[in-house]
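Hello,

Here is the structure to look through before you plan further work. My notes follow below it.

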Amino acid sequence: MKERLQELQQEALSKVEEAVTLADLQEIRVAYMGKKGPITEVLRGMGKLSKEERPVIGELANKVREAIADELDQKKAKLEDAELEKKLAEETIDVTLPGRPVQVGGPHLLTSIVEEIEDLFIGMGFEIREGPEVETDYYNFEALNLPKGHPARDMQDSFYITEDLLLRTHTSPVQARTMGEYNGSQPVKMICPGKVYRRDTDDATHSHQFTQVEGLYVDKDVRMSDLKGVLNRFAKQMFGEEREIRLRPSFFPFTEPSVEMDISCKVCNGNGCSVCKGTGWIEILGGGMVHPRVLEMAGYDPKVYNGFAFGMGPERIAMLKYGVDDIRHFYTNDIRFLKQYHKA
Amino acid sequence: MFVSLNWLKNYIDIGSISPEELAEKITKTGIEVEGIEYVAEKSSNVVVGLVESCEKHPNADKLNLCQVNVGDEVLQIICGAPNIAKGQKVAVAKPGAVLPGNFKIKKAKLRGVESNGMICSLQELGIEEKFVPKEVADGIFVFPEDVEVGADALQLLNLDDAILELGLTPNRSDALSMLGVAYEVAAILDVPIHLPEEAVETGKEQAADYVEVKVDAPDLNPYYGAFVIKDIKVGPSPLWMRNYLIAAGIRPINNVVDITNYVLLEYGQPLHAFDFDDFGSKEIVVRRAEQDEKIITLDNQERSLTSDHLVITNGQTATALAGVMGGANSEVSDQTTTVLLEAAYFSPVAVRTASKDHGLRSESSTRFEKGVDPDRVKRAGKRACQLLSKYANGTVLSGVVEFDQLDKSEATVEIKRSNINARLGTEINNDEIADILRKLNFTYNQNDEAFTIQVPTRRQDITIFEDMVEEVARIYGYDNLPFTLPQGASQAGGLTNLQQLKRDVKHYFESAGLMETITYSLTTKERVDLIVSPEIKEQSVTPVELSMPMSEEHSTLRLSMLPEMLDSLSYNSARKQSNLAYYEVGTVFVSQQEKITKQPNELLRAAGALTGAWLAHPWQQEKKVVDFFLVKGIVEGLFTKLNITAEYKQANIEGMHPGRTAQIFTSGTPIGFIGQVHPKLQKAYDLADTYIFDIDLDYIFSIHQNEPNFIKIPRYPSVSRDIALVVDEDVLAGDVRSTIQSVGGDLVKEVGVFDVYQGEHLQQGKKSLAFNLLYLDPERTLKDEEVEASYKAILEAVKEAHQAELRG
């Protein structure tokens, strides 16, 4: 009997060994382990055995069963793995084919620049103010120390609607409006981005509509060195830490002293090239200390309050920063242009 | 303003500084140097030659064979200039010379005869045609007799000069004169200034015996001075003067005219010379012109005047348009022997009006317009007399006949060191301030830290403390100011809710696949109401137009961003870019007045336009073209994001497809529209099917709830039921859905449309609409009977309201 069981084990294991499909294994399992299988049959004949032999043979029979079951399980796992591998191999795709496109939108380059400027000044404690694009002569000119007949009005030929209404030529009227609103009684720290309009014929460097960002800080004891410090911080964040700034005296009716700010040319690192016309410097913005007349007209006592103001053109900044060669690109909305700058 | 450095050296010693270094210093101190011009930068080897003989070329009619003595040798030169003659002193480019344009002079043979150099015209030496004196414009230049043979001709013609081009801001009109520039550069370099000679020996006769001066409009002409100079011999002015005028961009004419121009440039004071004998009387009357009074000016134009214009008259007829241009009737000519010289102060307003009205901008008018230095008016007249005496043989009559109500007082400005430092953020000491004032040539009294400054009249731009702050700062150097940050109480900067919402809306559209555009606010009169949202059309009475547009293209303020956006689509599609999804957030301008007197309302809106393919994935055979529901989905997404409930109603809007356009409402308030552009308009713009929207952001921002309230996440299961209904084909899904929603009440959380069918399995004129209903009570588990009861009630209601039958 013992021999018979060992023989069966041998026989079953070699069949498992030979099996190639899961079905084969199932067949073997049924054939050897089932109730009608040979092992059961052997066990049925145990009645004929002696008391001493019975447990020995019983134990052996269980070992044989276990051995076969183990082998069957192991083989089954192996075959299942092989089958899965085969299936996966069949499922292989060409990963180099293009994916289904998703529509990707994005902001206009000018919006990106304006928001960058906004965020930068918000970080320095400025608020964002807005104002009307159709302005009164008073806010656009007179409140900014540009009375009727002032020669500097020539500098910004305007689109008038009536004698008193015009498309604003700069965002500076928002300064006057904000100061008026604060009524001479509290500090003002704001920037105002917006569209402005001038009587220019559109060409590569002129546009009858363009964007401006104006800044104003009014408080007690504001120093010109503060203007220099704030603009320096702006320039470095906007154009890179390695850029230097310089201020030059200039003239605007609404500031005194007035400045123009240059940054060191990025192309030649200040050594002089065609971009900076050999000077090593590129003009970026204008500003100055708020003219006492402007403060006075807005209800601020120039003996108590003073401040600084500045204005810049996002188009010019974009042109310098990204090498855009024609201001009209900003308004033509050529998709091939817009797509170059959508950083979503 | 063009500044010849050689000329400037007459007043100050600029030392060995290079033109570039000087330009950099001037720019940094306040006047931008826009360019440096070297007239004969690359020229060399041009000398004065004496034409010893001049004969016809044996083989050419128009050429002359000259023997020219250039000092160390005699050169045979062939010359084609018509004005060449024996005995002339001319500019000779010797073999080996280089002329502008890198033109090298070599020995050559012309028609078989050797030529060893070239006799030059001024143009060939690099002077612009328009500045070349007329008498030598068509030929070679001839030097005055007193020049030395063999001398450097480039130097004699001042072509070794460097000319700085100053870009002057309107406040610095003091630098519209060589003296003004000299004061500026003297301050920068800290050198003394030498003023020109004004003293002149006068004749015995009195000018007052020759002429009287009467001013009828002292407000426009507070000073008028008349000088009389006899025995004038009109001829060429000295070479150096001609050179300087050319360098400054003025063409030399004759000594009298050149001297007035020279003094204009030197002092910044325009002068006018009349021919005394042609003046027509012994009386100068300055008055406002009569209405329609006529004058023929020097340029031979007849001009019609008004009482805004100031004229110089002989008591009867106008002889000059004051400060702008003289009259042809009294012009100085070659025959002039007695000159009546005018040195006057004309008010900026009078001159600006006249120069604008007549389109005449001259060196004179630009200076008067900015306001000339009151102190230099009479002095300039004297300086001109001195030059006329010296270079035009003039005898200056004694005295000046004048009318004088001119305010020549100097402004007084007080500054304190501490105030200056507080404003600039510097630590400048008293001595430094005193030193800056000395460099500027300003007189002052100092009392410890207080300075009382007498501002010279040449600096009309300085009247208040702040002006002096700038003067001190710019001489001290803007570069020397420290970098500081504001020391006031800091506040938190940030965006307002509305500003944040605007950014959110933009980001939403971008994440939905739309590209932001920025179009012009000014459109054409025709396009302005091409497609306008109904609620805007309702409010707008007249589109806002410019009173004087530059072009029809940009003449009217937009009522919608769409017309210009369609134009952008069209632009792209003409360049084979036809799949486009654009949006813009911007303002439109609505006036509720027939005739505008108030600022229009500026309304914030979002508009979009989509055309062409939305999704193209060819290898998987997928292609989705933009349609109504794609665009509606984008708009619905925006409303979901902003928590706005919107209703859509079929609408007829001009410019839109009548069957595919919906007006949008929220709680009954119109907030825009969505739909397909009318096919006729699509054709006009050469566009494929194009869907657009235009939404009122102001209103939806105003009802937007900023802080969302927390809604509990439901803990009980929901029950889903489908219902398929057969209705007449013109029944709107939205209406059926509303009925379901209203009957379903709070239990029905969502009603979705999942199928729309029309076709062979249904009766003609019928369609099937299938809805999915989601039942939910957040507080408990729903019972089957409740859902069943609600479902039945809904069926009853849709049958009643829409004759809907349950689809079998």
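**The interface between the chains**

Between chain A and chain B the rule finds 7 salt bridges, a salt bridge being a side-chain nitrogen of Lys or Arg within 4 Å of a carboxyl oxygen of Asp or Glu. One of them joins the side chains of R246(A) and E24(B), at 3.3 Å from N to O. In contact terms (heavy atoms within 4.5 Å), 89 residues of chain A meet 87 residues of chain B. The two chains bury about 7500 Å² between them, with carbon and sulfur atoms giving 55% of that area; buried area is the accessible area (1.4 Å probe) that two parts lose on being put together, summed over both.

This is a predicted model, in which local features need pLDDT of at least 70 and side-chain atom pairs count only at pLDDT 80 or more, while totals for chains, interfaces and linings use all residues. Residues are numbered from 1 along each chain as its sequence is written, chains are lettered from A and ligands numbered from 1 in the order in which they are written, and side-chain values use heavy atoms, with hydrogens and water left out.

**A sheet in chain B**

Helices (H or I, at least four residues) and strands (E, at least two) are DSSP runs, numbered from the N terminus. Four strands of chain B make an open antiparallel sheet in the order β41-β42-β40-β43; two strands pair if DSSP finds at least two bridges between them. Its edge strands, each pairing on one side only, are β41 (748-757) and β43 (805-806) of chain B. Helix α19 (residues 733-744) of chain B packs on this sheet and touches β40, β41 and β42 of chain B. Its direction makes about 35 degrees with that of β42(B); axes are lines fitted to C-alpha atoms, for helices over the stretch in contact, and angles run from 0 to 180 degrees between N-to-C directions.

Strands β40 (residues 719-728) and β42 (residues 766-775) of chain B pair over 10 bridges, and V719(B) stands opposite Y775(B). Helix α20 (residues 784-802) of chain B lies across β40, β41, β42 and β43 of chain B, at about 15 degrees to β40(B).

**Backbone points to check**

Q803(B), in the loop between α20 and β43 of chain B, is not a glycine, yet its phi is positive, near 50 degrees. N158(B) is another non-glycine residue with positive phi, about 60 degrees. In chain A, a cis peptide bond joins E256(A) and P257(A), with omega about -5 degrees. P257(A) is in strand β7 (residues 255-264) of chain A.

Regards
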